[in-house]
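Open the model in your viewer and keep the selection tool at hand. We will walk from one stop to the next.

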Amino acid sequence: MGDRFAVELHEVSKRYPGGVTAVDGLDLRVREGEVLGFLGPNGAGKTTTMRMLVGLVRPSGGRIRVLGEPPGRQLARVGALIESPTFYPHLSGRDNLRLAARYAGVPDAAADRVLAEVGLTDRAGSPFRTYSLGMKQRLGVAAALLKEPSLLILDEPTNGLDPAGVAEMRELLRTLGQRGQTVLLSSHVLAEVEQVCDRIAVINRGRLVAEGTPDELRGALGTGVLLIDADPTDEAIACLRADDRVAAVQQVDGQLRVSTDPALAGALNRLLVTAGVEVRELRPLRHSLEEAFLELTAPAPSRPQRSDQPAATTGANR
Amino acid sequence: MIASVRAAWFADRRRPAVWTVTATWTLLALAFGIGIPYLVHLSLAGDPEQADAAETLLAAVLPGQLVTTGIGLFPLFGGAIVVILGALVVGNEYRWGTLNLIFTQRPRRGQVLAGHAVVLSGLTLLVAVATFGALALVTGVLAMVEGRAADWPPVADLAGAVAAAWLICTAHASIGWFLAIAFRSTATAIAIGLVWTLVLENAISGLALVLSPLTVLQKILLAPSSGALAGALGARSQFDGGTPGVLESSSAVLPTVVLLGYTLLMFTLGSWLAARRDVG
């Protein structure tokens with residue numbers, strides 16, 4: 001992964017006529033060679049952002065650079081599948097790709113290469129209108145790969161794929177990442193994002209609310225709970241409940257869930273050891289990526305205010 | 001630019017609608033230009049009092065009048081059909097969302113649309129050539145059947161008529177093309193295009209007969225200019241027993257300039273609009 005950025009957005013906004021603001025002062029950078037997961041709830045502005053990156057939609061404000069140039073100038077090095085795949089219904093999958101190849105200035109033979117890459121060779125001669133949703137999606141990914149792009153922008157590439165197709169797509173994305181291609185991947189399948197992405201950016205209401213590695217995101221929002229495996233358990237519970245820094249202690253599946261400031265882990269360890277309790281394990285309870293995502297993108301009124309969020313990873317506190 | 005033309009031709013030649021419209025128009029041209037006059041001729045042929053009329057009708061469907069019969073079909077009927085062709089080739093890009101695909105490949109939007117315009121102009125040339133080709137074939141056959149001499153028109157006259165038909169078709173197609181981009185819809189473009197060329201312009205032309213100031217406006221309208229160009233090439237106007245839409249005209253210069261102006265204006269406006277608007 002390089003230090004240069006394949007994609008840079010600075011204070012980018014998009015307001016549609018009628019007053020709808022799809023993207024609102026978005027700052028985002030994608031390093032060359034990284035696979036960046038781009039998450040957000042429906043209507044968060046992901047697709048509009050991706051459309052702006054390929055020049056389909058013009059920003060209302062801010063600055064965008066794609067491979068060092070304004071959007072639309074480097075299309076020969078950018079492959080994209082944005083929203084649903086759009087092709088000529090009467091043309092076969094192969095002819096649709098040949099058509100795209102002619103616009104892109106790449107040889108017709110590239111169509112067969114990418115058809116094989118997405119596992120669509122057997123149905124390449126069938127009209128696009130006869131394709132299933134999953135096959136349409138594969139063809140969309142094939143079209144994005146046609147130019148052997150330096151930057152690949154994929155919006156929900158696994159939409160409509162069966163489990164085997166999802167696994168194949170994941171493998172393809174991993175391969176692309178290993179080849180050093182930059183990938184900006186939007187998906188609602190968080191397990192997929194977690195497995196293939198080097199970093200994740202979360203947007204909500206058109207603004208970046210968090211970014212970091214999957215581990216950083218899971219840890220960025222403290223749960224305020226320590227998990228402790230101690231023996232004897234009863235003595236540990238009594239000892240912890242006696243400490244006024246501990247809000248609550250619960251026993252779940254043989255472990256103690258201690259509601260407290262996770263920064264007190266060391267102090268509580270000392271407390272238990274001094275009391276003669278053996279501490280086998282003590283660690284902060286972490287969110288799953290899904291929990292972190294839901295918390296980061298929760299509607300503002302119900303979202304808990306925290307003072308312990310690391311400013312470096314969550315945009316909401318910046 | 002060449003890549004865009006190749007790609008647009010690859011797409012358009014595989015559109016069933018393109019060939020359906022072309023074939024439909026060719027059949028209509030044969031029906032209106034040859035079939036109906038010949039049937040009327042046959043019905044009058046046995047009546048000695050109608051012998052002159054029958055002979056005039058027969059002459060119109062023989063090779064000697066190929067130029068005037070052929071070009072006379074384009075101002076009203078042909079123009080309306082190719083408005084549909086122009087709307088179809090670009091309007092379906094909006095319907096299918098395929099602009100997302102082609103605008104994210106290598107060429108700039110302006111180059112993509114220029115490629116589309118070049119291919120559409122090629123298709124209208126094909127329509128003009130196919131029409132005159134079919135008319136030539138059938139008039140030649142009728143000459144043999146009727147035992148008349150096949151007095152073919154000079155090649156230069158025939159080439160001039162094909163070129164004029166091409167210009168009339170391209171100007172009309174560019175209207176459909178522009179409207180499809182402006183409304184991002186095939187159906188709306190066809191509806192408005194047909195109302196424009198068949199109703200609005202003919203209404204103005206009709207009014208110009210009683211309101212002389214409108215004759216100036218009439219000279220810069222699409223359908224009357226097409227009619228005047230056909231008239232300048234020898235086609236008889238409706239008032240002279242000819243085809244509806246044809247107007248008497250002594251010069252082809254002004255109608256040619258007007259039709260070229262429409263073509264350039266519509267292609268330029270459509271390209272500009274599609275290039276500056278958001279897609280999707």
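The tour below goes from chain A to its spaces and then to chain B.

Before you select anything, note that this is a predicted model, in which local features need pLDDT of at least 70 and side-chain atom pairs count only at pLDDT 80 or more, while totals for chains, interfaces and linings use all residues. Residues are numbered from 1 along each chain as its sequence is written, chains are lettered from A and ligands numbered from 1 in the order in which they are written, and side-chain values use heavy atoms, with hydrogens and water left out.

**Stop 1: chain A**

Select chain A. Its C-alpha atoms fill a box of roughly 75 × 45 × 35 Å along the principal axes. Chain A has 10 helices and 13 strands (DSSP runs numbered from the N terminus: helices are H or I with at least four residues, strands are E with at least two). Of its 318 residues, 53% count as buried (under 20% relative accessible area; exposed is over 50% and partly exposed in between, with a 1.4 Å probe and protein chains only).

Now pick helix α1, residues 46–53 of chain A. Seven of its eight residues are buried: A:K46, A:T48, A:T49, A:M50, A:R51, A:M52 and A:L53. Move on to A:G55, which follows α1(A) and has a positive phi, near 80 degrees.

**Stop 2: the cavities**

Rolling a probe the size of a water molecule over the atoms shows where empty space is left. On a 1 Å grid over the protein atoms alone, a cavity is a set of points where a 1.4 Å probe fits but cannot get out, and lining residues have an atom within 4 Å of a point. A volume is the space filled by probe spheres set on the points, which are joined across faces, edges and corners.

There are two cavities of 30 Å³ or more. Which residues lie nearest the centre of the largest cavity? Select A:A80, A:L81, A:I82, A:T86 and B:N100, which belong to a lining of 13 residues. The elements giving two or more residues to this lining are β5 (78–81) and α4 (133–145) of chain A and α6 (99–102) of chain B. The largest cavity holds about 150 Å³ of space, and its lining divides into eight nonpolar, five polar and no charged residues (Ala, Val, Leu, Ile, Met, Phe, Trp, Tyr, Cys and Pro are nonpolar, Asp, Glu, Lys and Arg charged, and the others, Gly among them, polar).

For the second largest cavity, of about 40 Å³, select B:Y94, B:R184, B:A274, B:R277, B:D278 and B:V279. This lining has three nonpolar, no polar and three charged residues.

**Stop 3: the largest pocket**

A pocket is an open set of points with protein on both sides within 12 Å along at least five of seven lines. The largest one has a volume of about 540 Å³. Of its 23 lining residues, select B:S205, B:Q218, B:P224, B:L247 and B:E248, the closest to its centre. In chain B, α5 (74–96), α9, α10, α11 (222–232) and α12 (253–276) each give two or more residues to the lining. By class, the lining has 12 nonpolar, nine polar and two charged residues.

**Stop 4: two residues of chain B**

Select B:L211, in the loop between α9 (186–208) and α10 (214–219) of chain B. Its relative accessible area is 44%, so B:L211 is partly exposed.

Finish at B:A29 in helix α2 (residues 16–44) of chain B. Is B:A29 buried or exposed? B:A29 counts as buried because its relative accessibility is 2%. Draw a C-alpha to C-alpha distance from B:A29 to B:S185: they are 28 Å apart in space and 156 residues apart in sequence.
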